[in-house]
Amino acid sequence: MIDEKILVWKFNRGSKDAFQMLYEKYKDDLLGLAITLLRDRSLAEDVVHDVFVSFAGTTGSFHLSGTLKGYLSTCVANCARDRNRLRSRRDVGLDAAEGMGSDSGDPVEHAIDSEQSGRLTQLLGRVAYEQREVIVLHLHQEMRFKEIAEALGISINTAQSRYRYGLEKLRSIINSMVTK
Amino acid sequence: MKPEKNIEEFVKSEKPHVTTGGAMDERTLGDSFTAMDETIRAGKPSAAGIILRSRAAKLAAAAVVIVTISFFIVYPGPGEKDEIGEVPKVAASPADMQSILSLNIAYRQGGLDAVDRQCQIATEMLGPRPAETTIEKMLMEFNGT
């Protein structure tokens with residue numbers, strides 16, 4: 001945490017090394033978040049790219065009130081929501097899900113990663129976007145409901161109810177798959 | 001299937017583990033560094049901007065203002081100091097004391113005009129006398145008896 005504060009402090013003074021270290025630290029996590037939300041790897045990469053470029057443009061004036069992970073996750077969620085609204089309503093389907101997973105490493109591990117990340121993404125893809133957003137931010141990004149509510153501009157009760165209904169929907173989807 | 005309470009654990013355990021590609025890293029870092037350079041070139045923040053953004057700078061600026069105002073309130077200015085330092089001289093003799101007192105009373109009653117008038121009368125009284133005038137006669141005139 002202290003290291004992160006120091007890195008942010010250095011970044012604010014124009015250190016590109018500090019920025020690169022912050023990028024290396026959070027890039028994979030944020031890409032996973034964007035993929036889960038958008039179910040499209042190329043779109044998710046664009047979102048993460050835009051968020052980091054926008055973040056880089058704040059050097060010298062960036063003020064961190066909470067955690068950097070929470071801040072960047074919020075940016076990714078907001079950017080992903082905008083992209084989700086803009087893109088066509090066609091179903092992304094399995095084609096995009098197949099493109100997920102790691103780009104490098106052991107092929108076996110790649111296949112396992114791809115299969116695991118794709119499975120949850122497919123399941124969450126059948127949950128409403130607003131509910132999926134809250135579920136992922138809370139369970140994967142470990143953000144509190146208060147933080148999520150502030151980030152999304154909704155009340156805490158709304159965030160909690162979206163989370164609850166989303167999990168209920170997910171459970172019913174899984175149950176229906178098992179009973180088939 | 002998993003009970004409801006385990007759904008959260010299921011979602012947590014299924015968190016996707018993905019890594020960015022080299023091309024994406026290169027593109028993102030390149031564009032980010034360009035954005036940083038542009039921001040830095042656009043101008044460094046002014047002193048006022050730093051004070052407004054930084055909480056510590058705000059507190060320091062407030063402390064400087066308070067100390068400055070307190071200094072001017074507590075520490076008297078040079079003009080005020082001089083006025084306080086002016087102490088009336090003590091008269092060396094009863095005759096001088098009377099003269100100072102009478103001038104003071106004249107000033108309070110009629111201002112500088114009264115003082116001037118009183119001085120004029122004294123000058124007339126102490127004016128030139130004939131050579132044959134004796135000291136006793138002069139003292140009688142000064143004392144009014």
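Predicted model: local features only at pLDDT ≥ 70, side-chain atom pairs only at ≥ 80, totals over all residues.
User: How many helices and strands does chain A have?

Analyst: Chain A has nine helices and zero strands, where helices (H or I, at least four residues) and strands (E, at least two) are DSSP runs numbered from the N terminus. From the N terminus on, the order is α-α-α-α-α-α-α-α-α. Among contacts in chain A between residues at least 6 apart in sequence, 66% join residues at least 24 apart; a contact requires C-beta atoms, placed from the backbone, within 7 Å.

User: Why does the span of H3(A) agree with its number of residues?

Analyst: The expected span is 1.5 Å times one less than the number of residues. Helix H3 of chain A (residues 41-56) has 16 residues and should therefore span 22 Å, and its end C-alpha atoms are 22 Å apart, which agrees.

User: Why are H2(A) and H3(A) called oblique to each other?

Analyst: The axes of helix H2 (residues 16-38) of chain A and H3(A) come within 9 Å and cross at roughly 140°. Axes are lines fitted to C-alpha atoms, for helices over the stretch in contact, and angles run from 0 to 180 degrees between N-to-C directions. Angles under 35 degrees count as roughly parallel, over 145 as roughly antiparallel, 65 to 115 as roughly perpendicular and the rest as oblique. H2(A) and H3(A) are therefore oblique.

User: Which residues of H2(A) and H3(A) meet, and how do they divide by class?

Analyst: Among those meeting are A:Phe19, A:Leu30 and A:Leu38 in H2(A), and A:Val47, A:Val51 and A:Phe52 in H3(A). The residues of this contact divide into 14 nonpolar, no polar and three charged. Here Ala, Val, Leu, Ile, Met, Phe, Trp, Tyr, Cys and Pro count as nonpolar, Asp, Glu, Lys and Arg as charged, and the others, Gly among them, as polar.

User: Where do H2(A) and H4(A) make their contact?

Analyst: The axes of H2(A) and helix H4 (residues 68-86) of chain A come within 10 Å and cross at roughly 35°. The contact includes A:Leu30 and A:Leu37 of H2(A), with A:Leu72 and A:Val76 of H4(A). By class, it has 12 nonpolar, two polar and two charged residues.

User: Why is A:Ala149 called partly exposed?

Analyst: A residue is buried if 20 or more other C-beta atoms, placed from the backbone, lie within 10 Å of its own, exposed if 12 or fewer, and partly exposed in between. A:Ala149 has 19 and is therefore partly exposed. A:Ala149 is found in helix H8 (residues 145-152) of chain A. A:Ala149 and A:Ala159 are 10 residues apart in sequence and 5.9 Å apart in space, C-alpha to C-alpha.

User: How do you know whether H4(B) lies in the open or is buried?

Analyst: Of the 20 residues of H4(B), the number buried is zero, so H4(B) lies largely in the open. In H3(A), by contrast, the buried residues include A:Val48, A:Phe52 and A:Phe55.

Technical notes:
Residues numbered from 1 in each chain as written. Chains lettered and ligands numbered in written order. Contact = placed C-beta atoms within 7 Å.
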